[in-house]
Amino acid sequence: MNIEIALTVNGETVRETVEPRTSLADLLRDRLRLTGTHLGCEMGSCGACLVMLDGAPVHACLVLAVQADGQKVETIEGLNESGHVSDLQAQFHDRNALQCGFCTNGMVMSAQALLSDNPRPSRAEIRDALSGNYCRCTGYEAIVDAIAATADRRAGIGETVE
Amino acid sequence: MTAGNEHIGQAHRRGNALRHLAGRGRFVTDLALPRMLHAAFVRSPMARGRIAELDVSDAAAAPGVVRVFTAETLNKTCAPWTGTLEHFAGMKSAPQNILAEGAVLWAGHPVTMILAHSRAEAEDACELVLLDIEEEEAVVDGDAALLDGAAPASEGIDSNLCFRTVLETPGLDDAFASAAHVVEESFTFGRHTAVTLEPRAVIADFDPSTGQLTVHQGTQTPYQFQDVYARHFGLPESKVRVIAPDVGGSFGMKLHVYNEEMATVAASLTLGRPVRFVADRLESFVSDIHARDHRVTARMAVDAAGTILAMDVDDMTQIGAFSTYPRTSVAEGNQVIRLMGAPYRMPDYRGRLSVVFQNKVQTSQYRAVGHPIACAVTEALVDRAAEQLDLDPFEIRARNLVADDAYPHVSATGYQFEKLSHQTSLAKLRQLMDYDTLRSEQAELRRQGIYRGIGIAPFVEITNPGAAFYGVGGARISAQDGAVVRLTPGGDVQCAISVTEQGQGTETIIAQIVADQLGVTPDQVKVTTGDTDTTPSGGATWACRGAGIGGETALRAGRRLQAQILAIAGAVLQADPATLALAGGAVIDSGTGRERITLAEIGRIATYRPDTLPEGCDNSLSAVQHFAPTGYPFDFTNGIQASHVEVDIETGVTRLLKHWVVEDCGRIINPLLVDEQIRGGVVQGLGPAFFEECLYDDMGQMTNASLADYLVPMAGEMPDIEIAHVETPTLDTILGAKGVGEAGTAAAGAAAMNAVNDALRPLGARISQTPMTPLRILTALGHV
């Protein structure tokens, strides 16, 4: 039995008919072709599939598409186009805080959520906030640096990176 | 003329990183092709047994299912593969084919392939396959596998010994007989796995109308797979194209041949339509290669002054039911016994290696092949010798490291070192970490019941391998790389090169190198990688060769094009090309620096108005260059790492406080990317030192095969990593780069183990097993 749902994805209204078992991640990736949301473990451990659901980060692999009915979803594609994370993106680029890029979507989501809740986190708090984001390439330090630098810039400290 | 070094050595940012930040990565997992089918596999739930019954009729009739393959219907399309190489004399391994035939040889061995319109439907149908296996006793433990009468782990082998070798210098016995002190220890290095965040992914697309097979595969070695698919499926090489787009991590894991990739190609060839296989995380754990899994007993002889006289090492490593193809599962152990004691003058040595079959997932080459084992054993024994002699860890190393002015040097195991910088690195590390302050702080804290430890570990890393690695053993694995550099009609530069990018920054450094040869900026150089149809053939990325071999290839290709451009410019300007040079996007007068003609104008004339060139002037704006290392069989880099830890002796939990690396990778092409390679590598060394382990029960079942149970290092546990450099370029190449991809992983675990043991020393406890879990530390302390 398929279910009809309607949700807002990156500001656009989307109507789809899905199986009840379809995850939000599969809806985004396979139906809507928003492939910036990645799947690394499909059990909520790795953080590669994080998206914003009504403004808060959720694992798109653990949320069913039907649960997102009537809600607002933002993916990395939407955040990118909105310009809301352009400073984070610039710092990640400047600090080389990504290598293969597979975790990056989730890192940006976690960072954005952290800085919304706690605009001036310590390095330990940043590391703690990334406790659900696995990165195999960087060793994390550059990511911590990029988030700390973004927090500084948002607080008016330091130079902005283009 | 020789181009400048305006961009080589600069911290250029990676242009391709911007795509990932925008959510515009292009991974195989993101690709969807028309009429594509999705594959899922029924796998053996048992480590060893015989297939008594296999009935796929219900699965074949399930909704969405298009085809079900078993060994009977799929294996005949593929010539079997055997993971042996001739230069590993006497090694053996049984031939393999795609799906299990008769015997199942590890828990996870694929038995049936189901193709459906969606992965979900394929997985649903897997549940409908009737698979009855008569369980047999699995060969689980490597030592037991070698006992007389042990059942063989696979069919067609007479014992579980895959390979055995011994290296020995004539003076070994005398060295131990004359030693003032002999220290010895037994070590266990756990099995772990790559856990690339993007799992293995492949889409095979065979077009029967043209006979063309295109394989989109997340791999670091597209040419190797082009060759494998052509040979094993009987296709002309020109009809096989392998494309590796963005790859979500590889670290050596994605360069081996796997049953599932072969099955995907076979299925596409049979059905004439695209077939996709993407491993889910659970099947990654039981099908991706695992790494390490060594038991080592080792002793070291030292004289009364602390001079290292000899090491005697026995390594038993356990590799699964087959040696991997086409690189074998022997290279890891081979490098373990050859890298022992590498930083030291040590004159005598014996290394014994036994590579053993068992019924587990295959192990094979993973980042820093063999290095962490050799480094951890060597450095643990050096620390034990220092303890016996009451020497500081820095002092005993200062007395034994090969002197910076004593090169070339040949190690006791036969490695030839061109020039390394151990002494400079040791001194630099001491200063970088403020060693003396840390020691006094450590002593102060011990009085308060806080147990901190400091560990150091010098290392040598093998890089830039020539054909001696695989080619001499008969493997069709390229030791050379190739590049085509061209000037576009508009005056931009494009470089197509065989080395590949997995995020380490290959494309960025190639752009920097080419830019410097042609007097342009790196952002004017578009680099293409990862496609066998559009780049020249080459070895690609493994064993730390992207910068050293790929970089040199790009440099020489750039210089060749530079000469062609200057010849055309000379003809146009009626000037001697020797008086011209390239800078600022133009041809300049090399004496005055004055601009003579832009590259765009050269491109325009050579492309649209070659009729205006003098007769006989070659208008070619493309240059091709291949390069294979000559001189030394491999390059070696060196460095030293230090770890600072705090062990909670009540809980056994170790906190990583700080990590330092001094590294000498030769010429640094991009300091930002070099440092991030080191940091990422260090964390891949610390992971298995403290957390990562593929745990198996007595029946051969992996018991923690999920990302909830297998512990990977996360941001909260990892320390900040401070890095300094020494720069000793190799003289074998113009560029002088040696490579840096494995340096971090090589010694991080060794430094950490020494640090933990330094913390435990006042309590009389020692640990010599990784990962150093809280339980193992508490056991070492006698608390459990």
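What follows is a chat about a predicted model with a chain A and a chain B.

Me: Hi! Let's begin where the chains meet. How many residues does each chain bring to the contact?
Reply: Hi! Chain A brings 45 residues and chain B brings 54 residues.

Me: And how much area do chain A and chain B bury between them?
Reply: The two chains bury about 4,000 Å² between them, and 54% of it is on carbon and sulfur atoms. On the chain A side, A:His93, A:Tyr134 and A:Arg136 supply 20% of the area that chain A buries against chain B, which is more than any other three residues.

Me: Nice. How many salt bridges are there across that interface?
Reply: The rule finds eight salt bridges between chain A and chain B. One pairs B:Arg13 with A:Asp94, where the closest N and O atoms are 2.8 Å apart.

Me: Which elements give two or more residues to the side of chain A that touches chain B?
Reply: They are helix 2 (76–82), helix 3 (86–95), helix 4 (104–117), helix 5 (123–129) and helix 6 (141–154) of chain A. The largest share comes from helix 3 of chain A, with five residues.

Me: What about residue types on that side, nonpolar, polar and charged?
Reply: The side of chain A that touches chain B has 17 nonpolar residues, 17 polar ones and eleven charged ones.

Me: Switching topic: which residues are buried in helix 1 of chain A?
Reply: Helix 1 covers residues 24–31 of chain A, and its buried residues are A:Leu24, A:Ala25, A:Leu27, A:Leu28 and A:Arg29.

Me: What do those buried residues pack against?
Reply: They pack against four strands of chain A: strand 1 (3–9), strand 2 (12–18), strand 3 (50–53) and strand 5 (72–74). Just after helix 1 of chain A comes A:Arg33, which takes a positive phi of about 60°.

Me: Got it. What is the phi of B:Ala368, then?
Reply: B:Ala368 is not a glycine, yet it has a positive phi of about 70°. You can find B:Ala368 in the loop between strand 15 (348–356) and helix 11 (371–389) of chain B.

Me: Is B:Ala368 buried or exposed?
Reply: B:Ala368 counts as buried because its relative accessibility is 0%, and the cut-off for buried is under 20%.

Me: And what about B:Asp434, where does that one sit?
Reply: B:Asp434 is in the loop between helix 13 (422–432) and helix 14 (435–447) of chain B. B:Asp434 has a positive phi of about 55° and is not a glycine either. With a relative accessible area of 41%, B:Asp434 is partly exposed.

Me: Which residues does a cis peptide bond join in chain B?
Reply: One cis bond joins B:Tyr325 and B:Pro326, with omega about -5°. Another joins B:Tyr407 and B:Pro408, with omega about 5°. For background, most peptide bonds are trans.

Me: Where do the two prolines lie?
Reply: B:Pro326 is in the loop between strand 14 (308–318) and helix 10 (331–339) of chain B. B:Pro408 is in the loop between helix 12 (393–400) and strand 16 (409–410) of chain B.

Me: Last one: where is B:Ser57?
Reply: B:Ser57 is in helix 2 of chain B, residues 57–60. B:Ser57 is partly exposed, with a relative accessible area of 42%.

How values were computed. Residues are numbered from 1 along each chain as its sequence is written. Chains are lettered from A and ligands numbered from 1 in the order in which they are written. This is a predicted model: local features need pLDDT of at least 70, side-chain atom pairs count only at pLDDT 80 or more; totals for chains, interfaces and linings use all residues. Side-chain values use heavy atoms; hydrogens and water are left out. Buried means under 20% relative accessible area, exposed over 50%, partly exposed in between (1.4 Å probe, protein chains only). Contact means heavy atoms within 4.5 Å. Buried area is the accessible area (1.4 Å probe) that two parts lose on being put together, summed over both. A salt bridge is a side-chain nitrogen of Lys or Arg within 4 Å of a carboxyl oxygen of Asp or Glu. Ala, Val, Leu, Ile, Met, Phe, Trp, Tyr, Cys and Pro count as nonpolar, Asp, Glu, Lys and Arg as charged, and the others, Gly among them, as polar.
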